[in-house]
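Good morning. I have one structure to go through, and I will take it piece by piece.

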Amino acid sequence: MKGLIEKLENCIPKSCILEQEPMSKHTTFRIGGPADYLLEPENVEQLLAVREILQEAGIPCFLLGNGSNLLVSDEGYRGAILKVGSRMSTITVEGNRLITGAGALMSQVAKAAWEHGLTGVEFASGIPGTIGGGITMNAGAYGGELRQVVTRVQVVTPQGEIRELTNEAMKFGYRHSIVKEQPLIVTEVELELQPGDKEQIKNLMDDLATRRREKQPLEYPSAGSTFKRPEGYFAGELIMKADLRGFQMGGARVSDKHCGFVVNMGGATAADVRAVIQAVQSRVWDCFQVKLEPEVIFLGFS
Ligand SMILES: Cc1cc2nc3c(=O)[nH]c(=O)nc-3n(C[C@H](O)[C@H](O)[C@H](O)COP(=O)(O)OP(=O)(O)OC[C@H]3O[C@@H](n4cnc5c(N)ncnc54)[C@H](O)[C@@H]3O)c2cc1C
């Protein structure tokens, strides 16, 4: 678009502006066609400026963390992807409080907590997303959830205001937060942790990593659990009982190791993944009358 790049270059470094960027490079599924623009601000000021330019130009905008819960269509995204990633990932620790840029990976946050002898966020060490994405999804594992440790979340509102939200205001629920209801951008997160024994913290993280490696198909690209846990059931178990272990369409397959994961066996398209998801939903419904709702977020599909 004429003049747009010049305007963007006045706000963020050239190296943070990508055009026709394949989203397969930015998702853990390793799938997704090109986004018109992928912009990665280095701080909140740049983020605000970029968003204003996009709003003025009427360009749709999607917030990206580490792309670990995302399926982008083969056609890609007509608009701008705003990435809050490693350029906004500074972590500081003050006493029991850990303050982190939203772009820090949860593994880095857990490691920083361990280094400072703080316990409470070990559960997040193996979740391959940013803390911003984690807050959006209220990410959790092995009995822990971010809502248990979050005390403050800094967000940018659609009007361009910077606001500080309390834990309560975040409306956390199962894989849910206010960020899924309103177009807020998470920019900074504060966690309150407890003093702990460094060795015990490390042992717990190692133990959880082993459990993940044993149970999950980490050897194939995926977006983690494809479906939310339906009340009273486990998605993976229902899928297995519906005889869908190893069910494959194109390059997308219901994992043999964990039926709750749809994996990319190599060369899967977004259409393949979507087709497997729909087939699984329909078969599980036919067998058990249970509605499986995707946890994975779809982008760029009509
Ligand atoms: C192998 C594997 C294992 C997984 N295990 C788990 C698990 O144990 N528990 C679990 O909960 N999840 C798990 N996941 C899923 C995923 O890692 C989490 O949902 C994670 O929180 C997503 O973070 P992300 O940064 O990758 O977000 P993205 O995938 O980039 O985005 C997810 C959503 O968050 C929004 N978003 C991202 N960043 C921001 C921001 N800064 N401000 C506003 N909105 C934002 C996006 O717009 C999108 O709607 C797993 C995924 C994989 C691939």
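**A loop residue, the ligand and the domains**

R175 has a relative accessibility of 12%, and because buried means under 20%, R175 counts as buried. Keep in mind that this is a predicted model. R175 sits in the loop between strand 12 and strand 13. Its phi is positive, about 50 degrees, although R175 is not a glycine. As background, most residues other than glycine have a negative phi.

There is another residue of this kind. D243 is not a glycine either, and its phi is positive, near 65 degrees. D243 belongs to the loop between helix 6 and strand 16. Is D243 buried or exposed? D243 counts as exposed, because its relative accessibility is 63% and the cut-off for exposed is over 50%.

L244 has a relative accessible area of 2%, so L244 is buried. What does L244 touch, not counting residues up to four places away in sequence? The list is I239, V254, V280 and R283. For a sense of distance, the C-alpha atoms of L244 and S222 are separated by 17 Å, and these two residues are 22 residues apart along the chain.

Back to the loop that holds R175. M170 is found there too, between strand 12 (162-166) and strand 13. M170 counts as buried because its relative accessibility is 0%. Leaving out residues up to four places away in sequence, M170 touches I135, V153, L165, S177, I178 and V179. Along the chain, M170 and T136 are 34 residues apart, and their C-alpha atoms are separated by 9.1 Å.

T136 brings us to the ligand. An N or O atom in the side chain of T136 is 3.2 Å from a nitrogen atom of the ligand. For R212, a polar side-chain atom lies 2.8 Å from a ligand oxygen atom. With G134, a polar backbone atom is 3.4 Å from an oxygen atom of the ligand. How much of the ligand's accessible area does the protein cover? On its own the ligand has 960 Å², and the protein covers 93% of that.

Which elements give two or more residues to the shell around the ligand? They are strand 3 (61-64), helix 4 (131-137), strand 9 (140-141), strand 13 (185-192) and strand 15 (222-225). Helix 4 gives the most, with five residues. There are 35 residues around the ligand, and L63, G65, S68, T130 and G140 come nearest. By class, the shell has 17 nonpolar, 16 polar and two charged residues.

Now the overall division. The protein is divided into domain 1 (4-83), domain 2 (87-201) and domain 3 (217-299). Taken over C-alpha atoms, the centres of domain 1 and domain 2 are 23 Å apart. In the contact between them, 17 residues of domain 1 meet 17 residues of domain 2.

One last residue. E40 lies in the loop between strand 2 (34-39) and helix 2 (44-57). E40 counts as buried because its relative accessibility is 12%. Apart from neighbours within four places in sequence, E40 is in contact with I12, C16, K83, G85, S86 and R87.

That is the end of my part.

Technical notes:
Residues are numbered from 1 along each chain as its sequence is written. This is a predicted model: local features need pLDDT of at least 70, side-chain atom pairs count only at pLDDT 80 or more; totals for chains, interfaces and linings use all residues. Side-chain values use heavy atoms; hydrogens and water are left out. A residue is near a molecule or strand if one of its heavy atoms lies within 4 Å of it. A polar contact is a pair of N or O atoms within 3.5 Å; within protein, one must be able to donate a hydrogen and the other to accept it, and residues adjacent in sequence count only if both atoms are side-chain atoms. Accessible areas come from the Shrake-Rupley method with a 1.4 Å probe; for residues, only the protein chains shown count as cover. Helices (H or I, at least four residues) and strands (E, at least two) are DSSP runs, numbered from the N terminus. Ala, Val, Leu, Ile, Met, Phe, Trp, Tyr, Cys and Pro count as nonpolar, Asp, Glu, Lys and Arg as charged, and the others, Gly among them, as polar. Buried means under 20% relative accessible area, exposed over 50%, partly exposed in between (1.4 Å probe, protein chains only). Contact means heavy atoms within 4.5 Å. Domain bounds come from an automatic or database domain assignment.
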